[in-house]
Amino acid sequence: MYWPVRIIARPRLRDAGFTLIELLTVLIIAGFLASLVAPKLFATYERIKASAEEKKLREVLEFAKSRSFLRQTPFIIRFDDHTLEITNQGALIRFEYIRFSRSALTFNANGFSATEKLNYYVRGRKRALDLSQ
C-alpha cells in the first residue's frame with residue numbers, strides 16, 4: 001500500500017524578501033523622521049552645555065569671592081568676550097556659549113563686590129547674575 005505523498009509548496013525565489021521599492025520607502029520614511037528629531041536633539045545638547053557653562057561661571061565667581069575673604073586680599077576678575085581672567089591666580093577660563101562685555105569685577109578683602117549684578121550673554125540672550133548674595 002502506498003501512502004499519499006504530501007508536497008510542500010516552496011516559495012519561489014522572487015517572492016522571498018523585500019522589493020527595492022519597499023526598502024526605499026522604509027528608508028525615506030526613516031530619513032524623514034530623523035530629520036524631524038535631529039534638530040531638537042542638537043538644540044537640547046547646546047542648551048545643556050550652555051547651562052553647564054553658567055554653573056561653571058557661578059562656581060568660579062563664588063570661588064573668587066570666598067578666596068578674597070579667606071585671604072583678606074582683593075580679587076580682580078577681568079571679562080573680555082568669551083574669556084574670564086582671575087588676575088590674582090593667573091587663571092584664564094574660556095567659555096564657548098557665554099559672552100561678556102569688556103569689564104572688570106573686584107571682590108574686596110571682605111568678599112563683597114562693588115557691583116551687584118554681572119551682565120553676560122548666553123547664546124545671544126542677555127542674562128544677569130546676582131553678586132550680592
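Of the 133 residues of the protein chain, 22% count as buried, where buried means under 20% relative accessible area, exposed over 50% and partly exposed in between, with a 1.4 Å probe and protein chains only. This is a predicted model, so local features need pLDDT of at least 70 and side-chain atom pairs count only at pLDDT 80 or more, while totals for chains, interfaces and linings use all residues. Residues are numbered from 1 along each chain as its sequence is written, and side-chain values use heavy atoms, with hydrogens and water left out.

Now the layout. The protein chain has one helix and six strands; helices (H or I, at least four residues) and strands (E, at least two) are DSSP runs, numbered from the N terminus. The order from the N terminus on is α-β-β-β-β-β-β. As for contacts, meaning heavy atoms within 4.5 Å, take those in the protein chain with a separation of 6 or more: 49% of them come from residues 24 or more positions apart.

Next, the strands that follow the helix. Strand β1 (residues 75-81) and strand β2 (residues 83-86) run antiparallel and are joined by four bridges; two strands pair if DSSP finds at least two bridges between them. The two form a hairpin, with one residue between them. Asp-80 stands opposite Thr-83 in β2. On to the next pair: β2 and strand β3 (residues 91-94) also run antiparallel, and four bridges join them. Here Thr-83 stands opposite Arg-94 in β3. The hairpin of β2 and β3 has four residues between the strands, and in it Gly-90 takes a positive phi near 70°.

How many salt bridges does a search of the whole structure find? It finds two, counting a side-chain nitrogen of Lys or Arg within 4 Å of a carboxyl oxygen of Asp or Glu. As background, side chains of opposite charge can pair when their charged atoms come close.

One of the salt bridges is between Glu-54 and Arg-127, with the closest N and O atoms 2.9 Å apart. Glu-54 lies in helix α1 and Arg-127 in strand β6, so this pair ties together parts that are 73 residues apart in sequence. Glu-54 is buried, at a relative accessible area of 10%, whereas Arg-127 counts as partly exposed, at 33% relative accessibility.

Another salt bridge joins Arg-102 to Asp-80, and there the closest N and O atoms are 3.1 Å apart. Arg-102 lies in strand β4 (residues 98-107) and Asp-80 in strand β1, so the parts tied together are 22 residues apart in sequence. Arg-102 counts as exposed, with 70% relative accessibility, and Asp-80 counts as partly exposed, with 33%.

Staying on the helix, look at Glu-53. Glu-53 sits in helix α1 (residues 20-71). Is Glu-53 buried or exposed? At 13% relative accessibility, Glu-53 counts as buried. Leaving out residues up to four places away in sequence, Glu-53 touches Phe-95, Glu-96, Tyr-97 and Ile-98. Ile-98 is 45 residues away from Glu-53 in sequence, yet their C-alpha atoms are 7.2 Å apart in space.

Then Ser-113, which lies in the loop between β4 and β5 (117-122). Ser-113 is buried, with a relative accessible area of 19%. With residues up to four places away in sequence again not counted, Ser-113 touches Leu-105, Thr-106, Phe-107 and Leu-131. The C-alpha atoms of Ser-113 and Phe-75 are separated by 9.5 Å, and the two residues are 38 residues apart along the chain.

Last, the pockets. Rolling a probe the size of a water molecule over the atoms shows where empty space is left. On a 1 Å grid over the protein atoms alone, with a 1.4 Å probe, a pocket is an open set of points with protein on both sides within 12 Å along at least five of seven lines, and lining residues have an atom within 4 Å of a point. About 150 Å³ of space lies in the largest pocket; grid points are joined across faces, edges and corners, and the volume is the space filled by probe spheres set on the points.

Which residues line the largest pocket? They are Arg-58, Leu-61, Glu-62, Lys-65, Phe-107, Leu-129, Asp-130, Leu-131 and Gln-133. The elements giving two or more residues to this lining are α1 and β6 (125-130), and α1 gives the most, with four residues. By class, the lining has four nonpolar, one polar and four charged residues. In that scheme Ala, Val, Leu, Ile, Met, Phe, Trp, Tyr, Cys and Pro count as nonpolar, Asp, Glu, Lys and Arg as charged, and the others, Gly among them, as polar.
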